[in-house]
Amino acid sequence: MAQPADAPARLSRSHRTGLLGAMFLMATSAIGPGFITQTTNFTVQLGAAFAFAILASVVVDICVQLNVWRVIGITGLRANELGNRVLPGVGVVLAVLVFAGGLVFNIGNTAGGGLGINAMTGLNTTAGGVITAAIAIAVFLSRRAGIAMDRIVVVLGALMILLTLYVAIESGPPVGQALKNMVAPDQVNFFVITTLIGGTVGGYITYAGAHRMIDTGVHGPDSVRYISRGSIAGVIVTGVMRFLLFLAIFGVVAGGAKLVGENLAAQAFGVAAGELGMRLFGVILWAASITSVIGAAYTSITFVTKPTASHRTRSLLTCLFIAVSAIVFVLVGQAPSALLIFAGAFNGLILPIGFAVILWVAWRRRDLLHGYRYPRWLLVLGVLAWLLTLYFGYNSFAGISALWT
C-alpha cells in the first residue's frame with residue numbers, strides 16, 4: 001500500500017543507527033568527569049531534595065534540545081553555518097568559543113580517563129590519560145570512524161547506566177523519599193538547577209548530537225518526528241544516568257556514612273559495594289571520560305571544518321585535537337585552573353549566543369527551514385529557556401572577575 005504524501009519519511013537502517021549514535025553522543029558528552037563530581041557533591045549537599053533539581057533540569061534541557069535538534073535537523077546546517085547565515089561573523093565567533101572551550105575541557109576529560117584507569121587497575125594516572133587518548137585516536141583512525149564512534153558511545157553509555165544501577169541497588173537508597181522530593185522538594189536550590197542545566201547543555205554539548213545527526217544524513221522536514229524523538233531520548237538518557245548516580249550516592253549518605261575529602265564519589269561506591277564498588281567506579285569514570293573526549297573532539301572539529309571536507313581530513317584533525325589535549329595533560333598533570341575558568345566563561349557565552357541564532361531561524365528564517373512551519377509553542381518554550389541561559393552567561397563571568405582579583 002502506498003504511503004500518504006504527507007507521511008514522515010522512513011529511516012533506513014543506517015540512518016536509525018546514526019540517530020542512535022547521535023543521541024548517545026549528546027548524552028555521553030554531558031556525562032563526563034565533571035558530571036560525576038557535580039552530581040555527588042550536590043547529593044551530599046541537598047540529599048533527597050536533589051531529585052527535584054534533576055527533574056527541573058531535564059525539563060529545561062528538553063526545551064533547549066528540542067529546538068536545537070529541530071532547527072539544525074530541518075535546515076541540515078551546522079550551528080556555525082546558521083550563525084553566519086543570520087549575521088555574518090556570528091558563526092565564526094561561535095566556532096572560536098566552542099573550539100577553545102572544547103580543547104581546554106578535553107584536557108580535563110583526559111585527566112578523568114587517567115583517574116578512571118588508576119581506580120580500575122592502579123596504573124599511574126598520567127599513563128592512564130595517555131592510554132585513554134590513544135584509544136580515542138584509534139577510533140577516529142579506523143576506516144569507518146563514524147560507525148566506530150557511534151558504537152563505542154552507545155556501548156559505553158549503556159555500560160555506565162547498568163553499572164551505576166547495580167551500585168544504586170547495593171546502596172539501598174530510600175527511593176520513596178527521593179520520588180516524593182522529585183515533585184514536593186524539602187528545599188529548592190535555583191543555583192544547583194542552573195548549574196545542572198549548564199553542565200548538560202552548555203558549550204559543545206549543545207550541538208554534539210545534532211551535528212552528528214545531520215552528518216549521518218538524517219535531516220529535512222520529512223524527518224521531524226525522528227529528530228524530535230532523538231533529542232528527547234538523548235536528554236532522558238542523561239537524566240536517567242544522573243538519577244541513578246544520585247540514588248547510589250543518596251543510599252550511602254542516608255545510611256549514615258560521612259563522605260569527606262576530594263573524591264566523594266569513589267568513597268561512596270566503596271561504601272556501597274566494597275572493593276568491587278571502587279573498581280566499578282573506575283570503569284564508570286573512565287567510560288564517562290573517554291566518551292567525553294570523543295564527543296568534545298568530534299564536535300569541536302565540526303565547528304572549524306566545512307561539511308565538504310573529506311572524512312579523512314576531519315578524522316586527522318580530530319586526532320590532532322585529542323593529541324594536543326593529551327600532551328598538555330602530560331606536561332601539566334591537569335587542565336590549568338585559570339584556563340578552566342576562562343573555558344567556563346566561554347561555555348557561558350556559547351549557549352545564549354548559539355541558542356539565540358537557533359530561535360531567530362525558527363522565528364524569522366523560514367527560507368532556511370525549507371518552508372517548514374515552526375510550532376509556536378516550541379518557540380515560546382525555547383525563548384523561556386533562552387532567558388535562563390542569559391543567567392548562565394552572567395554567572396560565568398563571575399569566575400573571570402574572581403580570577404583577576
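Predicted model: local features only at pLDDT ≥ 70, side-chain atom pairs only at ≥ 80, totals over all residues.
Me: What makes the chain fit the description of a compact globule?
Reply: With 405 residues, a compact globule would have a radius of gyration near 22 Å. The chain has 20 Å, so the two agree. Along its principal axes, the C-alpha trace spans about 60 × 60 × 50 Å.

Me: What is the secondary structure of the chain?
Reply: The chain comes to 15 helices and 0 strands.

Me: How many of the 405 residues count as buried, as a percentage?
Reply: The share is 54%. A residue needs under 20% relative accessible area to be in that group. The accessible surface of the chain comes to about 16,900 Å². Carbon and sulfur atoms hold 67% of that surface.

Me: What share of the contacts between residues at least 6 apart in sequence joins residues at least 24 apart?
Reply: That share is 85%.

Me: Why is N67 called buried?
Reply: The cut-off is under 20% relative accessible area. N67 has 0% relative accessibility, so N67 counts as buried. The residue lies in helix α3, residues 50–75.

Me: Which residues does N67 contact, leaving aside neighbours within four places in sequence?
Reply: N67 is in contact with F355, I358, L359, Y374, L378, L379 and G382.

Me: How do you know that the side chain of N67 has a polar contact with the backbone oxygen of C63?
Reply: The limit for such a pair is 3.5 Å. A polar atom of the N67 side chain lies 2.8 Å from the backbone oxygen of C63. The distance is within the limit.

Me: What makes D150 and R212 a salt bridge?
Reply: A side-chain nitrogen of Lys or Arg must come within 4 Å of a carboxyl oxygen of Asp or Glu. Here the N to O distance is 3.0 Å, and the pair meets the rule. D150 lies in helix α7 (residues 145–171) and R212 in helix α10 (residues 205–215), so the pair ties together parts that are 62 residues apart in sequence.

Me: Are the two partners, D150 and R212, buried or exposed, and what puts them there?
Reply: Buried means under 20%. D150 is at 7% relative accessibility and therefore counts as buried. R212 is at 9% and therefore counts as buried too.

Me: How do you know that K180 and D186 form a salt bridge?
Reply: Their side chains meet at 3.7 Å, N to O. That is within the 4 Å limit.

Me: What makes E275 and R279 a salt bridge, and where do they lie?
Reply: The N to O distance is 2.8 Å. The limit is 4 Å, and the pair passes. Both residues lie in helix α12 (residues 264–304), 4 residues apart, about one turn of the helix. E275 has 51% relative accessible area and is therefore exposed. R279 has 35% and is therefore partly exposed. Elsewhere, salt bridges that share partners join R78, D215 and R314 into one network.

Me: How many salt bridges does a search of the whole structure find?
Reply: The search finds 6.

Me: Why is S231 called buried, and what does S231 touch?
Reply: S231 has a relative accessible area of 1%, under the 20% cut-off, so S231 is buried. S231 lies in helix α11, residues 224–254. Not counting residues up to four places away in sequence, S231 touches M26, Q65, L66 and W69. S231 and A27 are 204 residues apart in sequence and 9.7 Å apart in space, C-alpha to C-alpha.

Me: What puts S171 among the buried residues?
Reply: The value is 11%, and the cut-off is under 20%, so S171 is buried. S171 is placed in helix α7. Not counting residues up to four places away in sequence, S171 touches L247, A248, G251, V252 and A272.

Definitions and conventions. Residues numbered from 1 in each chain as written. Heavy atoms only, no water. Helix = DSSP H or I, 4+ residues; strand = E, 2+ residues; numbered from the N terminus. Buried < 20%, exposed > 50% of the residue type's maximum accessible area, 1.4 Å probe, protein only. Polar contact = N/O pair within 3.5 Å; in protein donor to acceptor, adjacent residues only side chain to side chain. Contact = heavy atoms within 4.5 Å. Rg over C-alpha atoms; globule rule 2.2 N^0.38 Å. Areas by Shrake-Rupley, 256 points an atom, 1.4 Å probe, with all protein chains shown as cover.
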